[in-house]
Amino acid sequence: MKKMKRVLAVVCAFVLCLSLCGCRELDEMKANHATWMENGYILWNDYTYIPLYSTDEAVYYEYVEDLNWDDSEVIYVTQPDVPVLLSEMMGTNGYTGAGGLLLEVNGYDYPPSMSLHDTMEYDYKNYIYCRADMYNWTVEALQSGYEIQDYGYYFYDYDTGYVKRGTLADAQRQAIEDVLKNVTPIKDTNGDHYIYYDQSLTITAYSMAHLFSQGIGELYYNNGTYTLEYSYYDEEYNRYDEFYDIPEKYTALFDELFDKLGIQRNVVFQDTSTTLGENV
Amino acid sequence: MVKKLFKHELNAYWRIMLPMWGILLAVALLGRIIQFFEFDHFVYDIVNGSSVIFYTLAVAVALVFPVVFAIIRFYKNLFTGEGYLSFTLPVTVSQHVTVKVLAAVLMAVLSFAVALVSLCVITAGEVLVELWKAGIYILNYLHTEIGAHLWWFMLEAVVLVLVVLVSQALYYDTCISIGQLFRKNRVLAAVGVHFGIYLICQVISTIGIIIAMFVDWEPLMLWVEKHPYATIHTAMCGFIVLSICACVVEYLVVYMIIRRRLNLE
């Protein structure tokens, strides 16, 4: 009997030790689990997130809409009583932006009475939330502090499913600035300018120590030449696109970038001009 | 005597099943211990992945083995040389069959219970707590959605599973019993009987489907739309009744063959 008790005690101690050890997948799920609060706010990682309301429309349209959301890690927002293991099944998914200062929550299971913005044309909504304790600072930073400090790139590799991001080299940055300054663009005001391309790469602009990154355009490669599409909004939030043909002297610089990202420039698609042509 | 027979039957099972359950629990424990060391290294990923695969295999074996062992025991005890001893015991044929079936069902249920315990072992700690929370949440959610029907559905499901287990055990016994009517290759004949019954069932169900194509289902579908829960209750009870009917037929076949056409090796 004594022996049995000892064995039982050892087993219990061992089970207790097991309970002290967590699970990596569970920890990740917990880290990506946010909950709705009673007032429609979101609680995530002990921070409260409040919506960016329509009073900040300027902020929203000019900066937030084109932010590059970190889609490598999805968060799930659920009601507070939903266990973490069911968060993916029963939650609304979303992405983080600006180093966790902003959340983009989308889907259909959003809290009622939200006067937020439609960012897509479908019956599907994206809501932008901002960390409550940094709300004013973020809005101010987005409104006034959005000065381009650096240029980066963003490329979605369809073969691997991975997103590649990074900062442009100084020479590449200078080339872009030079092109924007000295090359006369083709302005497209009504969206009827066609461009044919083999490959493309999103060019992003970084500000505030890389905290905010905003897609500002696309770099298209077509048959040995590059074209930069630069997009911006006017004061009435109308979007404009400008197309800059990149001079030959910079071609090698961007070849280098495409090679670095493993983008095959010389792939001959069977129907290049029709399927890859895009109405911009 | 029936009690003794049942005890003897269980003893035979324990000799095989206890080590098997022990292995299952050990594999689960090993898997849990491996989770202690969460290295970011491909070797760890391989070891961890392998432990999960081994665990899954162990669960599958633990669930399938009682069925296989029940078939072997039924055949050996009643239709081979051991049958001379078995049928000298002061128990009736129906008692023999009942004991075999009850032991098989009990082992299947116990194996399932041990598999659940092993799941608790491999997830011991935070994951188990979260699994438990998720289970309770789903139950509460379903209860909110469908009310008291949930408990009835669960009760019907448990009864259905038990009846199906009995029916399955009797089905294999039926195949073996019919197979032993042959003079040679009796095991092979039993397998043939199994495929024969399967083929007959397929033909009957195909004919049923063809007939069903000419039936006007609209009134029934309207009724189903109006009474979804009653439909599920009716279906569950229908399956239970069908399974019981199958049990009766299988039992009678086994009983009659052993009683009248027993042909020991």
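**A friendly note on this predicted model**

1. Let us start on the surface of chain B. The residues B:L63, B:V64, B:V67, B:V68, B:I72, B:F112, B:L116, B:L119 and B:L131 make a nonpolar surface patch of about 700 Å². A patch here is built from residues with over 30% relative accessible area and no salt bridge, with nonpolar side chains (Val, Leu, Ile, Met, Phe, Trp, Tyr) joined within 5 Å and like charges joined within 9 Å. Areas come from the Shrake-Rupley method with a 1.4 Å probe, and for residues only the protein chains shown count as cover.

2. Before going on, a word on the ground rules. This is a predicted model, in which local features need pLDDT of at least 70 and side-chain atom pairs count only at pLDDT 80 or more, while totals for chains, interfaces and linings use all residues. Residues are numbered from 1 along each chain as its sequence is written, chains are lettered from A and ligands numbered from 1 in the order in which they are written, and side-chain values use heavy atoms, leaving out hydrogens and water.

3. Which helices of chain B each supply at least two residues of the nonpolar patch? They are helix 2 (42-79) and helix 4 (93-122). Helices (H or I, at least four residues) and strands (E, at least two) are DSSP runs, numbered from the N terminus. Helix 2 of chain B gives the largest share, five residues. B:L116 sits in helix 4 of chain B and is partly exposed, at 43% relative accessibility. For these labels, buried means under 20% relative accessible area, exposed means over 50%, and partly exposed lies in between (1.4 Å probe, protein chains only).

4. Now to the charged pairs. Side chains of opposite charge can pair when their charged atoms come close. A salt bridge is counted when a side-chain nitrogen of Lys or Arg is within 4 Å of a carboxyl oxygen of Asp or Glu, and the count over all chains is six. One of them links B:E126 with A:K30, at 2.4 Å from N to O. This pair joins two chains, because B:E126 lies in helix 5 (residues 126-146) of chain B and A:K30 in helix 2 (residues 24-31) of chain A. B:E126 is partly exposed at 27%, and A:K30 is partly exposed at 33%.

5. Another salt bridge stays within chain B: the side chains of B:E130 and B:K133 meet at 3.4 Å, N to O. These two residues are three apart in helix 5 of chain B, so about one helical turn separates them. B:E130 is buried, with 7% relative accessibility, whereas B:K133 is partly exposed at 43%. Elsewhere, salt bridges that share partners join B:E9, B:R73 and B:K100 into one network.

6. In chain A, the salt bridge of A:D133 and A:R131 has its closest N and O atoms 3.0 Å apart.

7. A:T78, in strand 4 (residues 70-78), is buried with a relative accessible area of 0%. Its side chain makes a polar contact of 2.7 Å with that of A:H33; such a contact is a pair of N or O atoms within 3.5 Å, where within protein one must be able to donate a hydrogen and the other to accept it, and residues adjacent in sequence count only if both atoms are side-chain atoms.
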